[in-house]
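Reader: Could you take me through the surroundings of the ligand in this one? I'd like a close look at that part, and then a sense of the chain it belongs to.

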Amino acid sequence: MDITVIGRGNVGGGLADLWERAGHRVDRLGREGGDAGGAEAVLLAVPGDAVEAALASVTGLGGKTVLDATNLYGGARPPAASASNAEYVKSITGGPTAKVFNTNFAALFPLVAGARATPSNLWAGDDEAEAVVARLSADAGFEAVRLGRLDAAAVQEGLAGALIAITGAGLGLFTYRMAPPALL
Ligand SMILES: NC(=O)c1ccc[n+]([C@@H]2O[C@H](COP(=O)([O-])OP(=O)(O)OC[C@H]3O[C@@H](n4cnc5c(N)ncnc54)[C@H](OP(=O)(O)O)[C@@H]3O)[C@@H](O)[C@H]2O)c1
């Protein structure tokens, strides 16, 4: 696939490396912005309070499938009174949208491919985004597990604080797996 990542740091750069290794073509945009008109999928991986500015700096986003990996910390709220950053993204782009990759630690991306059990990657979003979420999760070494539709994105954004708390409570960085009994 042709993928544009907006934000080329830990998450955007880390996933871009994995996706290129899986055979995708990735265009990496930073805060200078650019054009996403040729992309089949867009990853948004900028600081959670920079989503509005980041989208404003990129052209060609109309109707695109967007995977939003952002998290909000310290009481920051989504722009324009949206319920979540992901729903704000959808209000701007109008295309299939998913909240995904916000509940996995980028520092572990290089280790996921060799994991004994495939880690899960929670996502919440539009049905039309499901195939892209499943494929790009798999190509990064994860199995996508659906949490809900796009109106559940706020719940998924809220999980970030719990993940950070778990690391601090003694486990350190971790992956997780959610699977039905038949797959245990
Ligand atoms: N790190 C993790 O383990 C992790 C896990 C899950 C979710 N997240 C979430 O994923 C997002 C990215 O995290 P990260 O760790 O990858 O951050 P990061 O390493 O600091 O990278 C941030 C990227 O966003 C770009 N950026 C910053 N301000 C911008 C703006 N106003 N407009 C456009 N682009 C801007 C930066 O551009 P330049 O390259 O030009 O500096 C940089 O490429 C955050 O929302 C974070 O909460 C992080």
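Author: The largest share comes from α1, with three residues. Bear in mind that this is a predicted model. In total, 22 residues surround the ligand, and the closest are Gly7, Gly9, Asn10, Gly30 and Asn71. Sorted by class, the shell has ten nonpolar residues, ten polar ones and two charged ones.

Now for the chain that holds this site. The protein chain has six helices and nine strands. Its radius of gyration is 15 Å, close to the 16 Å that the globule rule gives for 184 residues, so the chain is as compact as a globular protein of that length. Along the principal axes, its C-alpha trace spans about 45 × 40 × 30 Å. As for the contacts in the chain between residues at least 6 apart in sequence, 69% of them join residues at least 24 apart.

What about the inside? Buried residues account for 40% of the 184 in the chain. In soluble globular proteins, nonpolar side chains tend to be buried together. Here the largest nonpolar core has 44 residues, and Ile6, Leu43, Leu44 and Leu67 are those with the most contacts inside it. Take Leu67 as a case in point: leaving out residues up to four places away in sequence, Leu67 touches Ala41, Leu43, Ala98, Val100, Phe101, Val133 and Leu136. Leu43, then, turns up on that list of Leu67's partners as well as among the core residues with the most contacts.

Terms used:
Residues are numbered from 1 along each chain as its sequence is written. This is a predicted model: local features need pLDDT of at least 70, side-chain atom pairs count only at pLDDT 80 or more; totals for chains, interfaces and linings use all residues. A residue is near a molecule or strand if its C-beta atom, placed from the backbone, lies within 6 Å of it. Helices (H or I, at least four residues) and strands (E, at least two) are DSSP runs, numbered from the N terminus. Ala, Val, Leu, Ile, Met, Phe, Trp, Tyr, Cys and Pro count as nonpolar, Asp, Glu, Lys and Arg as charged, and the others, Gly among them, as polar. The radius of gyration is taken over C-alpha atoms; the globule rule is 2.2 Å times the number of residues to the power 0.38. A residue is buried if 20 or more other C-beta atoms lie within 10 Å of its own, exposed if 12 or fewer, and partly exposed in between; C-beta atoms are placed from the backbone. Two residues are in contact if their C-beta atoms, placed from the backbone, lie within 7 Å. A nonpolar core is a set of buried Ala, Val, Leu, Ile, Met, Phe, Trp, Tyr and Cys residues joined through C-beta atoms within 7 Å.
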